[in-house]
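Dear colleague,

Please find below the structure that I am handing over to you, with its sequence. My account of what was found follows it.

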Amino acid sequence: MIIKELDPLLHSQLRLAIVSLLLSVEEADFSYLKEHTEATSGNLSIQIDKLSAAGYIEVRKEIVGKKPRTSCRLTERGREALAEYVAALKEYLGGVL
Amino acid sequence: MKDKKINERESLELISEMISRTKQGIAMKQDYNRFLLYGYAVVIVALVLWLLIRVTGDGRFMFGWFALFLPYLWHMVADSRKEKHVVTYVQSMVENVWKVIGSLFGLTILALLCVGWGMGRIDFALMMPLSLIYAGIGMAMTGLVIRESGFVWTPLVGLGVAAYMLVASPVNDWNLLFGASFLVFMVIPVHVARNKVK
């Protein structure tokens, strides 16, 4: 049996956490993601850029009440990638699950 | 949390942990304040106008209903200042439902103005039963989205009252009936729903 390779972009703790958080919401901002992932701002920012460059998430930057606000939402591509990733994980863990 | 590789089992655990964290956080976040703001504003305006018209007999007090634009403006300003860290599908769905209902209110005012202007007499009386129907539909749709059965069925009272207004009731009683309907299908169900969350 050929087992699919795990998506390297998602097979990282922080990026997977970001995508999983965005799965259940329409949109979340930077501070919400920071609070729930407990990551540093710098690291979170880098991982958001990587996911955005891959088209997995959409990033919107705006000014709300004189403060900059970055909000992220999962794209259809990101949703599909996560579904494929979970399917691949299940294949890997097939016997155990 | 860092940018580190994890094994397959940890991945699955992380996904389910993040999903459940989001769900726990947002379950409590349904914002009922705006319903209470509009609900109580309608009840208070209805009572005041009913009393004023009853005491003075002056029907021009009916223009007092335009005071309901004040909570709308207040809500718009407060909303633009509020920091929203997360928007759920449910919140955005409820917001869109009320955008449609709000547009119906706006279009109806515009239509009554245009028709009234053409006929030489502007009469906003129809706004009251129509508003009961629109707001009732909005509450019922909100109830379906957030799965709150009190929101879904109580607007039937508003629909019944709207029909009664159009068929049988004298116009000054409309104020009281209107306020009482909002109390039944907006204020009370919202308090019940809020108490469930507490």
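A:Glu27 and A:Arg69 form a salt bridge, with their closest N and O atoms 3.8 Å apart; the term stands for a side-chain nitrogen of Lys or Arg within 4 Å of a carboxyl oxygen of Asp or Glu. This pair links distant parts of the chain, since A:Glu27 lies in strand E1 of chain A and A:Arg69 in strand E3 of chain A, 42 residues apart. Over all chains, a search of the whole structure finds nine salt bridges.

Please note that the model is predicted: local features need pLDDT of at least 70, side-chain atom pairs count only at pLDDT 80 or more, and totals for chains, interfaces and linings use all residues. Residues are numbered from 1 along each chain as its sequence is written, chains are lettered from A and ligands numbered from 1 in the order in which they are written, and side-chain values use heavy atoms, with hydrogens and water left out.

Chain A

Chain A has four helices and three strands (DSSP runs, numbered from the N terminus: helices are H or I with at least four residues, strands are E with at least two). Read from the N terminus, its elements follow the order α-β-α-α-β-β-α. Its C-alpha atoms fill a box of roughly 55 × 25 × 20 Å along the principal axes.

The sheet

An open sheet of four strands, with antiparallel pairing, runs in the order E2(A)-E3(A)-E1(A)-E1(B); two strands pair if DSSP finds at least two bridges between them. E2 of chain A and E1 of chain B are the edge strands, each pairing on one side only. Helix H1 of chain A (residues 13-23) packs on this sheet and touches E1, E2 and E3 of chain A (contact means heavy atoms within 4.5 Å), and its direction makes about 80° with that of E3(A). For such angles, axes are lines fitted to C-alpha atoms, for helices over the stretch in contact, and the angles run from 0 to 180 degrees between N-to-C directions.

Eight bridges join E2 (residues 57-64) and E3 (residues 67-74) of chain A in the antiparallel sense.

A:Glu27, already named for its salt bridge with A:Arg69, has B:Val87 as its bridge partner in E1(B).

The interface of chain B and chain A

How many residues does each chain bring to the contact? Chain B gives 27 residues and chain A gives 40 residues. The area buried between the chains is about 3000 Å², with carbon and sulfur atoms giving 58% of that area; buried area is the accessible area (1.4 Å probe) that two parts lose on being put together, summed over both. B:Met1, B:Glu8 and B:Tyr89 supply 22% of the area that chain B buries against chain A, more than any other three residues.

On the side of chain B that touches chain A, helix H1 (8-27), strand E1 (86-87) and helix H4 (89-119) of chain B each supply at least two residues. H1(B) gives the largest share, 11 residues.

Across this interface the rule finds zero salt bridges.

With kind regards
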